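Subject: Structure handover

Hello,

Here is the structure you asked for. My notes on what was found follow below it.

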Amino acid sequence: MRIPPLEPLDEYFPALVRMVAKTSWFPNPTVVARLGRAVFPTSRSKSGRPRLTHIGENGSVVGMYDDNATPEWALFWVHGLRGSRPKGWTIAHVWPASDDIESYTHLANLALVPEPFASLTDKHGPLTGFLRWHAWHIYGWKPNRETDPTKPDGYDEIAWQYLEAVDDPKALIRQRLAEVDNQRARILRPIMEQRGMI
């Protein structure tokens, strides 16, 4: 017997999205609007570039290569959440723009998702169309190099949950960067000060 071809799964996607949206947490729209930019000038370290090293552009340092620490910091810090990520959660990126310092830690590009659902939201996973439309519709944001997303069928049936808003997310970033004394924070502080981000 031959392996059967995969049948189209599109009809199941809205039910999957409802389940993921009900169990995940998304950045508060007010907080996203108050920041209006990426939280940190970082991008994912890959292609042999070591993490915690500078990103240069036209002879100037504009950012830092990192791992998944700064997206987690971004989502947690600006919502006043303390501690490290609890077991069972992952930080999902809505667009695969990990090499873009304007997108990698932009709140509209992040979500706190239960680990079992992570592959559904990854890269070209079945839920990415819903998440991208959500980011465009709710936050008014997408990476500059991406085309405008289209609204998926069934999107209006989805109820999203948002983290609580805070009054001054920039003050929280400054406070936490001052409190954390590790190599990552020591590299980021002067870059962010020079760029007027803190």
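Tyrosine 65 lies in strand β3; helices (H or I, at least four residues) and strands (E, at least two) are DSSP runs, numbered from the N terminus. At 13% relative accessibility, tyrosine 65 is classed as buried, where buried means under 20% relative accessible area, exposed over 50% and partly exposed in between (1.4 Å probe, protein chains only). Neighbours within four places in sequence left aside, tyrosine 65 is in contact with Ser43, Arg44, Ser45, Arg49, Pro50, Arg51, Leu52, Thr53, His54 and Ile55; contact means heavy atoms within 4.5 Å.

Before you go further: this is a predicted model, in which local features need pLDDT of at least 70 and side-chain atom pairs count only at pLDDT 80 or more, while totals for chains, interfaces and linings use all residues. Residues are numbered from 1 along each chain as its sequence is written, and side-chain values use heavy atoms, with hydrogens and water left out.

Salt bridges

A salt bridge here is a side-chain nitrogen of Lys or Arg within 4 Å of a carboxyl oxygen of Asp or Glu. The count by this rule is 12 salt bridges.

One of them pairs aspartate 66 with arginine 184, with 2.7 Å between the closest N and O atoms. Aspartate 66 is in strand β3 (residues 60–66) and arginine 184 in helix α7, so the pair ties together parts that are 118 residues apart in sequence. Aspartate 66 is buried, at a relative accessible area of 0%, and arginine 184 is buried at 11%.

Glutamate 72 forms a salt bridge with arginine 85, the closest N and O atoms being 2.8 Å apart. This pair links distant parts of the chain, 13 residues apart: glutamate 72 is in helix α3 (residues 69–77) and arginine 85 in the loop between α3 and β4 (89–93). Glutamate 72 is buried at 14% relative accessibility, whereas arginine 85 is partly exposed at 31%.

Arginine 195 forms a salt bridge with glutamate 102, and their closest N and O atoms are 3.5 Å apart. Arginine 195 lies in the segment after α7 and glutamate 102 in the loop between β4 and β5 (110–114), so parts 93 residues apart in sequence are tied together. Arginine 195 is partly exposed, with a relative accessible area of 34%, and glutamate 102 is partly exposed at 37%. Through shared partners, salt bridges join Arg51, Asp66, Asp67 and Arg184 into one network.

Helix packing

Axes are lines fitted to C-alpha atoms, for helices over the stretch in contact, and angles run from 0 to 180 degrees between N-to-C directions.

The axes of α3 and α7 come within 12 Å and cross at roughly 75 degrees. The two helices are therefore roughly perpendicular to each other; angles under 35 degrees count as roughly parallel, over 145 as roughly antiparallel, 65 to 115 as roughly perpendicular and the rest as oblique. Ala69, Thr70 and Trp73 in α3 meet Arg184, Ala185 and Leu188 in α7.

Helix α6 (residues 169–179) packs against helix α7 (residues 183–194) at an angle of about 140 degrees, with the axes 9 Å apart. That makes α6 oblique to α7. In this contact, Ile173, Leu177 and Ala178 of α6 meet Ala185, Arg189 and Met192 of α7.

Regards
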